[in-house]
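Dear colleague,

Here is the structure I promised to pass on, with my notes below it. Please have the model open while you read.

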Amino acid sequence: MSPTRLSTVVLDAHDAHDLAGFYLRLLGYQVRAKEPDWLLIGPPPGTEGLALAFETEPEYTRPVWPTRKPGEQQMMLHLDIEVDDLEGETRRAVAEGATLAEHQPQDDVRVLFDPAGHPFCLWTETPQ
């Protein structure tokens, strides 16, 4: 076993606290640590899930997805969030502040943008 392990994904935004609030509501996570320009959130004790951190970056530029033209800030990563009810959770994510992407590449995935413009996917396992 490796002596290292991935523990957290950090997302930049103009306002770390606002973006963290969106993911707290969406994922049912709890605040684990807080500073003026940085927050760490994670699943409640006894549940699984990767921690997320948010950092205020005044020069943050929203990514573009899908790629439209060279020179625009490209998506560098996205979060995949597994759900049981794809349509219901998509509606809830939008109600919490997400925006549904115009381009939807798959029937069992919904691409959305969080309030800072980071793409993320809600997906459900489909029977093979």
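Which residues of the largest nonpolar core touch the most other members? Before the answer, a word on the basis: this is a predicted model, in which local features need pLDDT of at least 70 and side-chain atom pairs count only at pLDDT 80 or more, while totals for chains, interfaces and linings use all residues. Residues are numbered from 1 along each chain as its sequence is written, and side-chain values use heavy atoms, with hydrogens and water left out.

The answer is Tyr23, Phe54, Phe120 and Leu122, out of the 25 residues in that core. Two or more residues each are given to this core by strand E1 (8-13), helix H1 (16-27), strand E3 (38-42), strand E4 (51-56), strand E5 (79-82), helix H2 and strand E8, and H1 supplies the largest share, 6 residues. Another core, of 6 residues, lies apart from it and includes Trp65, Val109, Phe113 and Cys121. As to terms, a nonpolar core is a set of buried Ala, Val, Leu, Ile, Met, Phe, Trp, Tyr and Cys residues joined through side-chain atoms within 4.5 Å; buried means under 20% relative accessible area, exposed over 50%, and partly exposed in between, with a 1.4 Å probe and protein chains only. Helices (H or I, at least four residues) and strands (E, at least two) are DSSP runs, numbered from the N terminus.

The aromatic residues deserve a paragraph of their own. The whole structure holds 4 aromatic pairs, where rings of Phe, Tyr and Trp (its six-membered ring) pair if their centres lie within 6.5 Å, and planes under 30 degrees apart count as stacked, over 60 as edge-to-face and the rest as tilted. One of them joins Phe22 and Tyr23 edge-to-face, at 4.9 Å centre to centre and with 80° between the planes; both residues are buried. Tyr23 and Phe120 form another edge-to-face pair, 6.1 Å centre to centre with 65° between the planes, and this pair links distant parts of the chain, since Tyr23 belongs to helix H1 and Phe120 to strand E8, 97 residues apart. Tyr23 counts as buried because its relative accessibility is 1%, and Phe120 does so with a relative accessible area of 0%. Together, Phe22, Tyr23, Phe54 and Phe120 form one aromatic cluster.

Turning to the sheet, 4 strands form an open arrangement in the order E1-E4-E3-E2, with mixed pairing; two strands pair if DSSP finds at least two bridges between them. E1 and strand E2 (30-35) stand at the edges with a single partner strand each, so one side of each is left without a neighbour in the sheet. E3 and E4 pair in the antiparallel sense over 4 bridges, and Ile41 stands opposite Leu52 in E4. H1 packs on this sheet, touching E1, E2, E3 and E4, and its direction makes about 160° with that of E4. Contact here means heavy atoms within 4.5 Å, while axes are lines fitted to C-alpha atoms, for helices over the stretch in contact, and angles run from 0 to 180 degrees between N-to-C directions.

Strand E8 (119-123) is mostly covered, with 4 of its 5 residues buried. It runs parallel to E5, to which 4 bridges join it, and Glu82 stands opposite Trp123 in E8. With E7, E8 runs antiparallel over 5 bridges, and the two form a hairpin with 5 residues between them, where Gly117 in the turn has a positive phi of about 95°. In the segment after E8 lies Thr124, which counts as buried at 15% relative accessibility and touches Val83, Asp84, Leu86 and Asp108, not counting residues up to four places away in sequence.

Finally, helix H2 (residues 86-96) has Leu86, Gly88, Thr90 and Ala93 as its buried residues, and what covers them includes H1, strand E6 (99-100), strand E7 (109-113) and E8. H2 is followed by Gly97, whose phi is positive, near 125°. Gly97 sits in the loop between H2 and E6 and counts as partly exposed at 33% relative accessibility; with the same exclusion of residues up to four places away in sequence, Gly97 touches Phe22 and Pro115.

With kind regards
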